[in-house]
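Hi,

Here is the structure I promised to pass on to you.

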Amino acid sequence: MEAALFAIYALIVCGSAIAVVISQNIVRMAMFLVLSLGATAGLYFLLHADFVGATQLLIYVGGTVILLIFGVMLTASAPYASIQNSPGELLQGGFLAVAFFAVSVASVLAVDWSQLGQEVRLPQDSRMGHPAPVQGYETADAGNTSRPIGMALLGVRVDDIASEPVPEQTATPGETTGHPPVTPLSGYLLPFEIISVHLLVVLVGAAYLARAKRRPLSTERGLP
Amino acid sequence: MILGVVPLTAYLLVASVLFVCGLACMATKRNGIGMLIGVELVLNGASLNLVAFSHYGSLGLDGQIAALFVIVLAAAEAAVALAIALNFYNNHLTIDVDRADELKH
């Protein structure tokens with residue numbers, strides 16, 4: 001079931017991305033971008049990242065693409081809607097893309113990723129022998145990530161606290177060991193504040209850049 | 001212990017296809033908004049990588065939060081780049097990036 005869903009979403013993602021590259025009309029590119037980003041949100045849900053998937057749907061598919069379509073409608077006049085370029089440039093771009101794809105696929109396939117998973121999801125009995133590595137968060141299969149992400153953005157890591165053996169919760173004996181001590185500074189409060197101020201500055205800057213120009217009138221008035 | 005039905009390599013390959021399509025889009029499109037769409041594809045591939053490593057690797061929630069920051073920064077970048085494209089279109093009556101060789105005419 002999971003493999004079938006992954007195959008469907010991956011086909012939509014890759015096919016739409018390739019269609020974005022191939023198509024020459026700018027409006028079709030925007031619509032294929034909608035398809036590709038929405039299917040990527042499906043992949044996020046398959047990876048148990050429900051909050052990230054919902055954010056992808058809301059911000060990317062809801063916001064960015066509406067913004068792009070507004071840009072397309074505001075700038076697409078008839079002779080400039082599809083700007084062709086020469087076959088030599090297409091050949092250069094295609095060669096660059098194929099070469100980079102070969103490099104990245106070779107590097108992905110060259111690494112044995114199963115060792116990474118075995119190191120993280122260690123069997124219970126082999127934890128006693130060697131020092132336990134830093135664990136991934138254990139509730140990944142639950143997929144209930146919106147509350148830990150929200151608390152982490154407020155500066156508190158509830159995912160680390162939840163996997164910490166707390167005495168009064170009577171944790172099962174072999175549950176988790178070897179966590180670093182939870183400090184209140186391990187969250188993401190400062191990046192959250194920085195990015196909120198950044199969004200404010202970006203919105204002010206975008207509104208300033210895209211404002212309506214009345215420069216000739218004002219210069220005429222300004223000249224004595 | 002088996003990781004699951006879908007291996008990590010499959011997600012990495014999908015992210016690689018997204019990244020390369022965005023790169024080709026940025027390299028071959030002469031439309032300014034087409035280049036912006038290419039940047040969106042590249043950032044989307046990067047955040048898919050982050051979420052995949054957050055699920056399979058030892059990143060935990062950090063990968064998902066980094067993916068959230070990537071999404072928010074991509075939205076901000078799209079707003080500013082579209083404002084620049086509109087401004088350029090107001091000045092030059094085209095969004096061909098090959099003609100963007102002067103700041104103001």
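Let's start with one residue: leaving aside neighbours within four places in sequence, Ile37(B) is in contact with Val20(A), Met29(A), Ala30(A), Leu33(A), Leu68(A) and Cys25(B). Here "in contact" means that the C-beta atoms of two residues, placed from the backbone, lie within 7 Å.

Some housekeeping before we go on. This is a predicted model, where local features need pLDDT of at least 70 and side-chain atom pairs count only at pLDDT 80 or more, while totals for chains, interfaces and linings use all residues. Residues are numbered from 1 along each chain as its sequence is written, and chains are lettered from A and ligands numbered from 1 in the order in which they are written.

Ile37(B) also turns up in the largest nonpolar core, which has 77 residues; Ile37(B) is listed with Val20(A), Leu18(B), Cys21(B) and Ala52(B) as having the most contacts inside it. (A nonpolar core is a set of buried Ala, Val, Leu, Ile, Met, Phe, Trp, Tyr and Cys residues joined through C-beta atoms within 7 Å; a residue is buried if 20 or more other C-beta atoms lie within 10 Å of its own.) The largest share of this core, 17 residues, comes from α3(B).

What about chain A by itself? Chain A has nine helices and zero strands; helices (H or I, at least four residues) and strands (E, at least two) are DSSP runs, numbered from the N terminus. Of its 224 residues, 24% count as buried.

Now for where the chains touch: 80 residues of chain A are in contact with 66 residues of chain B. On the chain A side, α3(A) gives the most, with 13 residues. That side divides into 55 nonpolar, 20 polar and five charged residues. (Ala, Val, Leu, Ile, Met, Phe, Trp, Tyr, Cys and Pro count as nonpolar, Asp, Glu, Lys and Arg as charged, and the others, Gly among them, as polar.)

How do the two α3 helices pack? Helix α3 (residues 50-75) of chain A and helix α3 (residues 61-92) of chain B pack at an angle of about 5°, with their axes 10 Å apart. (Axes are lines fitted to C-alpha atoms, for helices over the stretch in contact, and angles run from 0 to 180 degrees between N-to-C directions.) The two are therefore roughly parallel, a label for angles under 35 degrees. The residues of this contact divide into 17 nonpolar, seven polar and no charged.

Cheers

Definitions and conventions. Angles under 35 degrees count as roughly parallel, over 145 as roughly antiparallel, 65 to 115 as roughly perpendicular and the rest as oblique. A residue is buried if 20 or more other C-beta atoms lie within 10 Å of its own, exposed if 12 or fewer, and partly exposed in between; C-beta atoms are placed from the backbone.
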